[in-house]
Each structure stands twice: as structure tokens, then as C-alpha cells.
Number of protein chains: 2
Amino acid sequence: MSFTVLAREGETRARCGRLETRHGPIQTPVFMPVGTVGTVKTLSPEELKTLGVEVILGNAYHLYLRPGHQLIAELGGLHRFISWDRPILTDSGGYQVFSLAELCKVTEEGATFQSHLDGSLHFFSPEFVIEIQEALGADIIMALDECLPYPSSREATRDALDRTIQWARRCKQAHQRRDQMLFGIVQGGFYPELRREAALRLLDVGFEGYALGGLSVGETPSMMREVVDQVVPLLPEERPRYLMGVGMPEDLLECVTRGIDMFDCVIPTRHARTGWLFTSFGRVVIKNARYARDESPLDPACDCTTCRHFSRAYLRHLFMAQETLALRLNTIHNLHYYLRLMEQIRQAIREGRLAQYREEFYRMRCEA
Amino acid sequence: MSFTVLAREGETRARCGRLETRHGPIQTPVFMPVGTVGTVKTLSPEELKTLGVEVILGNAYHLYLRPGHQLIAELGGLHRFISWDRPILTDSGGYQVFSLAELCKVTEEGATFQSHLDGSLHFFSPEFVIEIQEALGADIIMALDECLPYPSSREATRDALDRTIQWARRCKQAHQRRDQMLFGIVQGGFYPELRREAALRLLDVGFEGYALGGLSVGETPSMMREVVDQVVPLLPEERPRYLMGVGMPEDLLECVTRGIDMFDCVIPTRHARTGWLFTSFGRVVIKNARYARDESPLDPACDCTTCRHFSRAYLRHLFMAQETLALRLNTIHNLHYYLRLMEQIRQAIREGRLAQYREEFYRMRCEA
């Protein structure tokens with residue numbers, strides 16, 4: 001397991017790299033589709049491979065609750081359970097505990113919460129979250145963090161930061177599996193000096209990769225980018241940088257430019273299921289009546305399975321008739337869009353023309 | 001367009017045939033998956049082809065209501081609209097009008113009904129049903145019939161039979177497209193002499209194929225088989241015989257033996273979506289807790305994509321988590337089961353060992 005920077009873009013912080021895992025390599029910058037409960041919703045592993053997906057994300061919180069990390073361990077681990085032989089990253093459950101679970105109570109020891117499924121009571125300590133993730137057996141795992149919404153007071157942010165650092169230390173201590181990379185998470189909210197402190201103290205603990213957490217929690221895109229601008233220069237060049245839960249296509253482009261290597265987000269998959277589709281000329285809301293008789297592909301510039309085989313009229317019909325095939329065809333298209341975007345970004349970095357690529361990216365959307 | 005009987009099973013009425021259409025051949029006996037609104041629920045056309053599906057069914061009633069037959073005609077017909085280049089059969093909507101729509105009122109002229117979608121009022125005459133099906137452009141289309149539930153009085157059955165024959169005549173008269181085969185439907189309920197009369201009068205009108213309608217409407221399997229036994233001997237050897245809306249695997253086997261060439265039914269696809277799976281050793285209800293830690297494939301004797309790649313434990317997990325991938329993997333398996341059953345039946349007929357095959361079929365289920 002190692003991370004190598006292969007190319008840098010002179011005028012920005014953007015870079016191309018290669019993350020080696022025991023389930024194969026990941027080319028960065030990378031977008032990781034979210035497979036919450038052991039499936040990227042609507043898609044099979046085979047379809048993900050056809051799309052060129054190199055790594056998917058699994059949620060420790062969801063898999064712990066259902067079907068249970070021990071059951072998955074008994075059945076040979078998450079890769080085998082879901083029939084996916086490429087890399088997996090699992091998050092620690094920190095974000096879900098604070099955003100999804102009910103009645104969450106945090107102490108120094110950990111977080112007590114009620115399951116969103118049945119209201120049952122659970123407790124996540126840093127040690128237990130590592131135990132869960134070791135049982136799942138992902139290639140990259142995350143330390144437990146305390147994630148706050150925006151806005152949060154300086155005091156609450158400071159407390160969460162302190163706890164996150166302590167928990168990070170305990171996670172590192174507890175982590176045994178040498179075939180997994182453990183990443184720490186920089187918190188600190190929207191207070192530059194707290195972000196700085198969080199980064200420096202986390203570096204002091206020392207991790208194989210560094211994530212920026214506590215973003216996409218209600219702030220504006222420009223605030224999110226400012227935090228990235230503050231934190232990235234503090235992180236070591238030789239470690240991967242992962243921006244958690246972000247974002248829209250333009251966020252990916254802007255944050256790669258600011259030095260981010262890894263992204264995950266439910267936007268392409270969740271938006272697909274609501275009929276919001278990403279195209280080279282901007283957004284398409286497929287249920288719009290204007291597509292009822294439209295024989296053209298969703299995006300004539302796209303070569304995904306959906307665009308190669310089906311018309312806008314058919315996609316709209318399936319969506320209006322609430323057919324599950326609609327969700328799948330939409331998901332294939334949106335993920336293809338995200339993956340192709342990252343591929344183009346990587347190529348632009350390697351060829352030293354990222355600025356030009358950005359300009360084209362925005363021009364195409366404005367002209368449409 | 002033609003139908004050729006290629007092999008007969010000496011001791012039974014079973015036969016193998018080949019139905020030629022402008023979208024390619026159909027080997028009979030055949031099972032036709034139901035693609036109600038222009039998709040076999042959860043599956044893509046590519047997956048249907050991988051499964052070996054040679055013909056699918058579309059519902060004139062559903063497609064007329066949404067997205068509309070004229071829209072589909074404008075977009076080049078149903079095959080093109082749904083990206084399926086193999087044969088399609090559309091039913092006339094008779095069954096849906098009487099079973100699904102609200103406030104159906106029948107006169108000699110036709111049937112007035114309210115849409116199940118929005119309560120809007122519609123009128124199906126024999127001529128209009130042919131117009132719809134010509135617009136959709138299926139390879140095989142059906143005459144409008146009046147379909148009664150079981151039980152129905154002799155008088156109601158007799159009236160429905162008279163109307164069905166008159167409507168069949170008008171359908172034949174109205175039908176213009178020479179690239180479509182038009183099938184008539186034998187009604188007559190569960191009154192042997194009415195079934196006989198229906199068959200003879202329909203033969204008198206003359207169709208390219210004959211369907212048995214009004215079955216699977218609440219009667220027992222043995223009553224259904226009795227009707228097949230009564231009607232089939234009255235039908236011409238050189239025309240395909242289609243048993244509408246049937247059935248369970250054993251129904252297919254029993255009715256092939258009784259001389260049926262074509263079947264359609266929602267059972268494999270609908271049962272799949274409720275977690276009811278067909279296997280070589282009988283039914284599997286995948287949500288059963290006994291499968292939670294079961295690493296074996298759904299059916300070790302099956303070579304479908306689902307059984308080759310996923311465990312019962314994972315299928316159960318997906319189903320419990322209400323993931324749409326569960327519905328798809330289940331549908332693939334159940335359709336594979338039905339298609340393989342028909343393939344084995346065809347082979348047994350060709351090799352003159354259908355009795356032996358039936359015996360094995362039942363023995364395997366009893367032993368399990």
C-alpha cells in the first residue's frame with residue numbers, strides 16, 4: 001500500500017497520483033461512488049466495472065446496523081459479500097451518527113445513538129469503529145470524527161475538534177490490520193485557526209492519508225473552497241487528501257485544482273434517482289414535458305450505455321411510469337459523467353492544461 | 001410470417017415449432033416475459049437478450065394510457081422506442097379493461113372505462129384496439145375480448161362469448177398491417193359447450209393463431225387444465241396456440257403436454273419482486289432468516305448471473321434493505337428459471353422423452 005504523486009500541474013495545487021491497495025490501484029484524483037449498504041444503488045458490480053469505477057465507498061454505520069459487521073466478517077469480508085474485487089473505502093460512521101441517527105449523545109468516550117431503522121440504542125467508540133472497519137475489511141478506513149452542521153459556534157467547534165483529535169489517536173492505537181490504510185479527518189468547521197490547529201495536531205498523530213471532514217453541511221460552495229484552500233497547504237505532499245461528501249461537478253474541478261485527490265458524494269447517484277441528470281451542457285430534469293417526444297440521446301456528447309441505447313423520450317417515459325429501470329439508466333449516466341469528468345481532469349493535469357480545461361468546462365455550460 | 005411444427009411428442013399433444021416474424025424467429029413452446037409499460041420490470045433489453053428471451057409482451061392498455069400509442073408511433077414504434085429488436089406481442093387490453101380499470105361498462109360497440117391512473121374516461125372498440133396495436137407495431141397482436149372472472153353465470157359467459165366473437169370479426173376486418181399476425185381469443189369460461197362453441201365460431205372467422213383467454217381468473221389449476229384439454233383438440237394443428245396469463249412452472253409443463261405453444265405471465269417477474277424465487281428444488285422465500293449467513297448460491301444447479309455471482313446471504317441482505325438491485329437480481333434468476341424450463345421442455349419433446357422429463361421435474365421437487 002502506497003501513494004505516489006505522478007504529475008503536478010505547475011500553476012495550481014492539482015496533481016495526479018496512484019494509490020496502491022491490495023485490491024489494485026486507484027488513479028487520483030478519483031471520484032468514489034457511494035455504496036451505502038453494500039451496493040451502489042441500482043447497479044451491479046459488473047456495471048460499475050464497465051463504468052470504470054476503481055473504488056467504491058461503504059458506510060460502516062449502515063453495514064454495522066444491517067446486516068452487521070460480524071456477519072460480513074464471517075462471510076469473508078465486504079469484498080466477498082458484495083462480489084466486488086476492487087478497492088473499497090469505508091467511512092467511520094461519524095457523519096451518519098451525527099446526521100442520520102436519532103438522539104445522538106457524545107461524551108469523551110464516544111457517541112451513543114439510536115438506530116434510524118428501529119430506534120435501538122448503540123454506542124460507537126473510536127476503538128469499536130476500528131473493530132467494525134477491520135471486520136468489514138476495506139482497503140482504506142477512516143478514524144471516528146465528530147461532525148457538526150453549519151453554522152456551529154466556535155465553542156462547539158473547538159470541543160468537537162478536541163474530541164476528534166483524541167479519537168483519531170485512539171483509532172490509530174486500536175488499528176491492527178496492516179493491509180488497510182487508516183486516514184485521519186481534519187475538522188475545525190469554518191474557523192480558519194481551528195482548521196489549522198486540527199490539521200497540525202492530526203499530522204502530529206500521523207496517518208496514511210488525510211481527509212477534510214465537516215464540509216457539505218450547509219455552507220456555501222465558496223466557503224467550502226476556502227476551507228480547502230486553508231487546509232491543503234498544511235498537509236504533506238506525499239499523502240493522499242480526501243474531501244469527504246463533496247460534491248457537484250464544479251466542486252470536484254475546483255477542489256482538484258486546490259490539491260484534493262479523492263472525493264465521494266451521493267449527488268450523482270441520488271440525483272439520478274430523482275431524475276436530475278448531468279450533461280456536457282448542464283442539467284437535464286428528465287420529467288420535463290419537453291422531452292416527451294425527444295428522440296435524441298440524453299447527452300449527444302456522451303457514450304454511456306444509457307445514451308448509446310435510449311432516447312430522452314423513453315427515459316422520461318420510464319421515469320414517469322416509476323419504473324426502476326429509469327433509476328438504473330439514470331445512475332449509469334450520472335456516474336459515467338462523473339467518472340469521465342475525473343478522467344478528463346487527470347489527463348488535463350498530466351498535459352499541463354488544467355486552466356484551459358476549466359475554461360472549456362464553464363464555457364460549454366454557459367453557451368448551452 | 002409463418003408457423004411451422006417441427007416436432008411432435010407421440011404420446012401427448014406436445015409439439016415444438018418455429019414462429020417466424022419480421023423481428024426474427026420464436027422457438028415454441030415459448031414463455032414470453034411481460035413488459036407492461038415498455039420494459040420487463042427492472043431489466044434492460046441487453047439483459048433480456050443475455051437471458052435468451054426471444055419475445056416479450058407489451059400491454060396495449062398501459063401503453064395507450066402512458067405514454068400513448070400515437071407518441072410511440074411518432075417515435076418509430078414500440079420496438080424502437082424501447083430498444084428491443086426481437087419480436088413483441090401486444091395484448092388487446094381486454095383483460096386490463098375488465099380487471100384493472102374502474103367502472104367498466106360494456107356494450108356491443110365496445111368497453112367504456114376509467115383509467116386506473118387518473119380516472120379519465122376512455123373507450124375501447126375492436127377497431128380502436130387494432131388501431132392502437134398497429135400504431136405500436138408489435139409482431140403479434142390480439143383481438144379485443146371480454147374477459148370474465150371465475151365464477152361467472154352461464155348467461156354472462158354466453159353474452160361475453162357472443163360479444164367476443166363479434167369483436168373478433170370486427171378486429172379482423174379492421175386489421176390492415178400485413179406485417180403483424182392477428183390472433184383470436186377463445187372465451188367461454190368454464191362451460192365446456194360454450195368453450196366449444198367459442199372455438200368453432202372463432203375458427204370460422206379465421207386467425208393466424210388462437211389464444212385461450214379467461215383463464216387464471218380465480219379457478220383452480222385443474223379446472224384450467226380441463227379447459228385446455230377441451231379446447232386444444234378443436235384448434236388447427238398448423239396454427240400456434242397461446243394460453244394467456246398462465247402460469248406457475250408446473251402449469252407450463254402440464255399445458256405444453258396438452259398442446260400449448262405460447263405462454264405469458266407476470267408470475268416469474270412479480271414473484272421475484274416479492275422475494276419468491278423458483279429453484280430446481282422448489283420455492284425459496286429469500287427474506288427467511290435461515291439465509292442470513294448462507295454463502296451458497298440461490299440454486300446451485302442454476303447458472304444465471306445471480307447464482308454465479310452472489311450468495312443467498314447477500315440476496316437476502318439486499319432484499320431486507322429494500323435495494324432495487326435485489327429486485328433485478330431476483331428477476332434475472334426467476335426469468336432464467338422459466339426460460340431454462342422451456343428450453344428443457346423443447347429438448348425433451350424433440351427427443352421424445354417428455355414423460356420422463358415430467359417425472360424428473362416432480363421428483364426433484366418432492367425430494368427437496
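## Basis of the model

Residues are numbered from 1 along each chain as its sequence is written, and chains are lettered from A and ligands numbered from 1 in the order in which they are written. The model is predicted, so local features need pLDDT of at least 70 and side-chain atom pairs count only at pLDDT 80 or more, while totals for chains, interfaces and linings use all residues.

## Overall form of chain A

Chain A holds 15 helices and 16 strands; helices (H or I, at least four residues) and strands (E, at least two) are DSSP runs, numbered from the N terminus. The C-alpha trace spans about 60 × 50 × 40 Å along its principal axes. For 368 residues a compact globule would have a radius of gyration near 21 Å, and the 20 Å of chain A agrees with this. The radius is taken over C-alpha atoms, and the globule rule is 2.2 Å times the number of residues to the power 0.38.

Of the 368 residues of chain A, 55% count as buried. A residue is buried if 20 or more other C-beta atoms lie within 10 Å of its own, exposed if 12 or fewer, and partly exposed in between, with C-beta atoms placed from the backbone. Among contacts in chain A between residues at least 6 apart in sequence, 67% join residues at least 24 apart; a contact requires C-beta atoms, placed from the backbone, within 7 Å.

## The eight-stranded sheet

An open, parallel sheet of chain A is built from eight strands in the order E4-E14-E13-E12-E11-E10-E6-E5. Two strands pair if DSSP finds at least two bridges between them. Strands E4 (30–32) and E5 (56–59) stand at the edges with a single partner strand each, so one side of each has no neighbour in the sheet. On average, neighbouring strands are turned by 25° against each other, direction ignored; the axes are lines fitted to C-alpha atoms.

A:Leu212 stands opposite A:Leu243 in E13(A).

## Helix H6

Helix H6 (residues 126–136) of chain A is mostly covered, with eight of its 11 residues buried. Among the buried residues of H6(A) are A:Val129, A:Ile130, A:Gln133 and A:Glu134. A:Gly137 follows H6(A) and has a positive phi, near 80°.

## The contact between the chains

Chain B and chain A each bring 30 residues to the contact. On chain B, helices H3 (69–74), H4 (78–82), H13 (312–320) and H14 (324–350) each supply at least two residues of the side that touches chain A. H13(B) gives the most, with five residues. By class, this side of chain B has 15 nonpolar, nine polar and six charged residues. Ala, Val, Leu, Ile, Met, Phe, Trp, Tyr, Cys and Pro count as nonpolar, Asp, Glu, Lys and Arg as charged, and the others, Gly among them, as polar.

A rotation of 180° with 0.0 Å of shift along its axis superposes chain B on chain A (RMSD 0.0 Å), which is the relation of a two-fold axis. The superposition is by least squares on the C-alpha atoms of residues with pLDDT of at least 70 in both copies. Of the residues of chain B, B:Thr324 comes closest to the rotation axis, at 3.6 Å (C-alpha). The copies meet through the same surface, because 100% of the interface residues of chain B are also interface residues in chain A.

Methods
Axes are lines fitted to C-alpha atoms, for helices over the stretch in contact, and angles run from 0 to 180 degrees between N-to-C directions. Two residues are in contact if their C-beta atoms, placed from the backbone, lie within 7 Å.
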